[in-house]
Amino acid sequence: MLTTKYLLIGNSAGGIAAAEAIREADSAGSVTIVTDEPYPAYSRPLISKYLSQERELDTMLFRPADFYAANNIQLLAGKKAIELDLKEHKLGLENGERISWQRLLIASGGTPIVPEINGLDNRGVFSFTTLDDAKAIDEFLTYGSSAVVIGGGLIGISVTETLVKRGISVSVVEMKDRILNTILDETGSAIATEAVKKAGVRSIVNQTVAEIKGENLVSGVTLDNEESIPCSLVVVAIGVVPRVDLVQGAGIEVNRGIVVDRTMATSYPDVYACGDAVEAYDFTLDTNRAIPIWPSAYIGGRVAGFNMAGVSKEYGGGTALNSLTYFGLNIVSAGIVVPPDDGYEALSVANGEIYKKLLLKDDVIVGMICVGDIDKAGILYSLMREKTDVGEFKYKLLEDDFGLVSLPQELWQERLGAPPLVGVVATALPPEEEVEDYSGE
Ligand SMILES: Cc1cc2nc3c(=O)[nH]c(=O)nc-3n(C[C@H](O)[C@H](O)[C@H](O)COP(=O)(O)OP(=O)(O)OC[C@H]3O[C@@H](n4cnc5c(N)ncnc54)[C@H](O)[C@@H]3O)c2cc1C
């Protein structure tokens, strides 16, 4: 049986961040990472660039190829963990190996939501959350030139753009009344819909796929309204839920995701968790919830790693923060984008494809949308992150010439610091943390 001091399940943002923090605090303790993917850690958001043939695995790596050897970390890749015995501190792998550990991290990420639809077992139906998914779709593209993407959210629009780049004609089917509805309000979604339409994509809203048709091979879908759409490929991209199968019934508190405190400790001693698998603190909503984004996984992983190695750290909290470019349209969105009640003040400017909106609660920014013009998104997000009272200067925030110097002097000097912010993802990190760029650029 393999014995290790630190065992990390998951070899992505959360697992790697924890491994690095452990190594900073403990250069000698043995570290083992288990993953059921057969690759070194890669940037998951870049799987769309793999499918669009803009990247290969070697330019998607999250850390250099010698990362594991250089840090004396044992990587067990392509091995699935299937049995967790918390009392005995043991993990069983699918191949029969067993590992004994002193401290455990569960950074098992998310698993794609797959609704019950007739015809899912046809060849040509895919998810889009792993490099293997991207590879499988890539191999299948020779079978035809049209696709239906189920889900008009972040992953759905990402794979849609990629398929369009590969010359595939795509219809997106969204159950709600607009695409990107979790990160944009109606005005923002309308601009995004226009951009998608210009690229030749049909977006169908207020509909679901009732059936996937085909005999062994996908031939089309039927919508709830009985419309038939012929296609050779279906991508199910409805979203992800925390991957908690391994810990269900093992003795750890789990709601939708694994419950953790601000040190990223679970309810079971010596067991930590982070990333898409957990419900972590959201500073906007002042509650714990699943926020499946890379920066949260990375920061949570570092906090977990330090605590596992005996260095006390607390997770400052994250929020839904997305910075992306789809069909040439730059979008940054964070926090609450549609007010749940009348207790919020909305400030907005709109001009063609440019739309900016802030949601304020008691003069504190709790949500923001920037579409088309994201230049000041970093500063706005910092104000939101710092819970700055913007009451005195709120009407300046969306002006074209707004910048750090528009803020009261003590704010840009003391709270934001003199240097301009490098990027909105970077601003998600607490000041003492290094800036991480998941894009691989
Ligand atoms: C197409 C796509 C685009 C995205 N774009 C963005 C973006 O633009 N910005 C952003 O912030 N986020 C984006 N995300 C989300 C981001 O990738 C995730 O939030 C992040 O990867 C979560 O990291 P994680 O470490 O929690 O888990 P994951 O990256 O999901 O990794 C989980 C790891 O656990 C392993 N694992 C799980 N269970 C087991 C088991 N039983 N045995 C062995 N190994 C196991 C898996 O193999 C994997 O290595 C995107 C995601 C996708 C799919």
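Hi everyone, let's start at one serine: leaving out residues up to four places away in sequence, Ser108 touches Ile9, Arg243 and Ala277, where a contact means heavy atoms within 4.5 Å. Before going on, please keep in mind that this is a predicted model, so local features need pLDDT of at least 70 and side-chain atom pairs count only at pLDDT 80 or more, while totals for chains, interfaces and linings use all residues. Residues are numbered from 1 along each chain as its sequence is written, and side-chain values use heavy atoms, with hydrogens and water left out.

Back to our serine. Ser108 sits in the loop between strand 6 (98–106) and strand 7 (110–112). Helices (H or I, at least four residues) and strands (E, at least two) are DSSP runs, numbered from the N terminus. The Ser108 side chain also reaches the backbone oxygen of Arg243, at 2.8 Å. That is a polar contact: a pair of N or O atoms within 3.5 Å; within protein, one must be able to donate a hydrogen and the other to accept it, and residues adjacent in sequence count only if both atoms are side-chain atoms.

Now the ligand. Which residues come nearest to it? Of the 31 residues around the ligand, they are Ser12, Asp36, Arg44, Ala81 and Asp276; being near means having a heavy atom within 4 Å. A backbone N or O atom of Gly14 lies 2.9 Å from a ligand oxygen, and an N or O atom in the side chain of Glu37 is 3.4 Å from an oxygen of the ligand. For Ile293, a polar backbone atom is 3.3 Å from a ligand oxygen. On its own the ligand has 1000 Å² of accessible area, and the protein covers 93% of that; these areas come from the Shrake-Rupley method with a 1.4 Å probe, and for residues only the protein chains shown count as cover.

The elements giving two or more residues to this shell are helix 1 (13–25), strand 2 (31–35) and helix 7 (294–308). Helix 7 provides the largest share, three residues.

Next, aromatic rings. How many aromatic pairs does a search of the whole structure find? It finds six. Rings of Phe, Tyr and Trp (its six-membered ring) pair if their centres lie within 6.5 Å; planes under 30 degrees apart are stacked, over 60 edge-to-face, and the rest tilted. Tyr39 and Tyr42 make an edge-to-face pair, 6.1 Å centre to centre with 80° between the planes. Both are buried, Tyr39 at 10% relative accessible area and Tyr42 at 3%. Buried means under 20%, exposed over 50%, and partly exposed in between (1.4 Å probe, protein chains only). Phe140 and Tyr143, by contrast, are stacked, at 4.4 Å and 20°. Here Phe140 is buried at 7%, whereas Tyr143 is partly exposed at 43%. Phe62, Trp294 and Tyr298 form one aromatic cluster.

Let's finish with helix 8. Why is helix 8 (residues 377–385) largely enclosed by the rest of the structure? Because nine of its nine residues are buried. Its cover includes strand 21 (321–326), strand 22 (329–335), strand 24 (354–361) and strand 25 (364–371).

After helix 8 comes Lys387, whose phi is positive, near 55°. Lys387 lies in the loop between helix 8 and helix 9 (409–415), and is partly exposed at 42%. Asn72 also has a positive phi near 55°; this residue lies in the loop between helix 3 (67–70) and strand 3 (73–77) and is exposed, at 54%.
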